Amino acid sequence: MKSTLNIPAIEGLECRALFSAVPVVLLSTDFTRPVVSSALFHRPAFADGGTFYGRTQQRTSDNEPLPATKRGQADLVVSSYNPTQVAGSPSFYGTELVTNRTFKVTKAGAALEMIVRARLSGPLRGGFIGGIFFYKLKPNGQDHDEADFELLSNYRGKVGTNVYGNEPLGSGRFNFAALPAGLDVTAWHTYRILLSQTRDEWFIDGKLVRTETLNVPQGPVQAHFNIWAPAADFSQAYSARNKPSARPGANRDFHLFLDSVRIRRISLLTL
């Protein structure tokens, strides 16, 4: 049976804010349609730029339809064989979803909230990242806003977090957050990011795991979800044992499953 999010319970756990008004739902999906909804999401296009990173070419709207759903879950796959690769240069073939809608924290006392239930497929193989994040490149084409969870298959019991506030692409301020004892990234967890004009917060299963008050993204942002294989410059997530396949017959697939996504605008009164 498909699980659903209990949002009031999530907000009640270790949250250092009071919500003073009825939240406004900006996006909500449980992936019950046969494919991911084109009314809510799109794949990036080659014309957008930035569809190849690490060692991974993301599937684009030029080449692929939106992913199918299975048992009420969006199935984001990274394949070790890339059918679009340059001859003699094998690469991985990943998946990325981007919300059609752009979101912004519009005023003081308001916050933008994303709640996602997700897991990586098991058994784990090192060298993959499942991304859950807010992101938007600035008009200058160099700086960007971003706040993310990164599910690194190199680690079972902890999850990466990172943040950029109107900054160039790069290492950012990467940090690890521990999962509940005895659980790992192949189990379902609820990941929550809360953005306001003065503070960013990250929650796992209702527990506050990180707070940032500097370099806070101001938006606008879109929500992104992806799975990919990084290069050696991302040392925490890279694995030299994880190699792309040169032949279709040697392909292996790995997955990030999304069970539900909620994005809301909420009002808050800081304690």
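The following questions and answers walk through one predicted model of a protein chain.

Biologist: What should I know about how this model is read?

Modeller: Because the model is predicted, local features need pLDDT of at least 70 and side-chain atom pairs count only at pLDDT 80 or more, while totals for chains, interfaces and linings use all residues. Residues are numbered from 1 along each chain as its sequence is written, and side-chain values use heavy atoms, with hydrogens and water left out.

Biologist: How many helices and strands does the secondary structure of the chain come to?

Modeller: Helices (H or I, at least four residues) and strands (E, at least two) are DSSP runs, numbered from the N terminus. Counted in this way, the secondary structure comes to 1 helix and 19 strands.

Biologist: What is the radius of gyration of the chain?

Modeller: The radius is taken over C-alpha atoms, and the globule rule is 2.2 Å times the number of residues to the power 0.38. For 271 residues that rule gives 18 Å, and the chain is close to this value, so it is as compact as a globular protein of that length, with a radius of gyration of 18 Å.

Biologist: Why is the pair of phenylalanine 92 and phenylalanine 128 called edge-to-face?

Modeller: Rings of Phe, Tyr and Trp (its six-membered ring) pair if their centres lie within 6.5 Å, and planes under 30 degrees apart count as stacked, over 60 as edge-to-face and the rest as tilted. The ring centres of phenylalanine 92 and phenylalanine 128 are 5.8 Å apart, and the pair is edge-to-face because their planes stand at 85 degrees.

Biologist: How many residues apart in sequence are the parts that this pair ties together?

Modeller: Phenylalanine 92 belongs to strand β8 (residues 92–99), whereas phenylalanine 128 sits in the loop between β9 (110–120) and β10 (129–137). The pair therefore ties together parts whose separation in sequence is 36 residues.

Biologist: Is serine 239 buried or exposed?

Modeller: Serine 239 lies in the loop between β17 (222–228) and β18 (253–267). Buried means under 20% relative accessible area, exposed over 50%, and partly exposed in between (1.4 Å probe, protein chains only). Since its relative accessibility is 14%, serine 239 counts as buried.

Biologist: Which residues does serine 239 touch?

Modeller: A contact means heavy atoms within 4.5 Å. Not counting residues up to four places away in sequence, serine 239 touches Arg55, Gly126, Gly127 and Asn154.

Biologist: How far apart in space are tyrosine 81 and isoleucine 227?

Modeller: Tyrosine 81 lies in the loop between β7 (73–79) and β8. Tyrosine 81 and isoleucine 227 are 146 residues apart in sequence, and their distance in space, C-alpha to C-alpha, is 14 Å.
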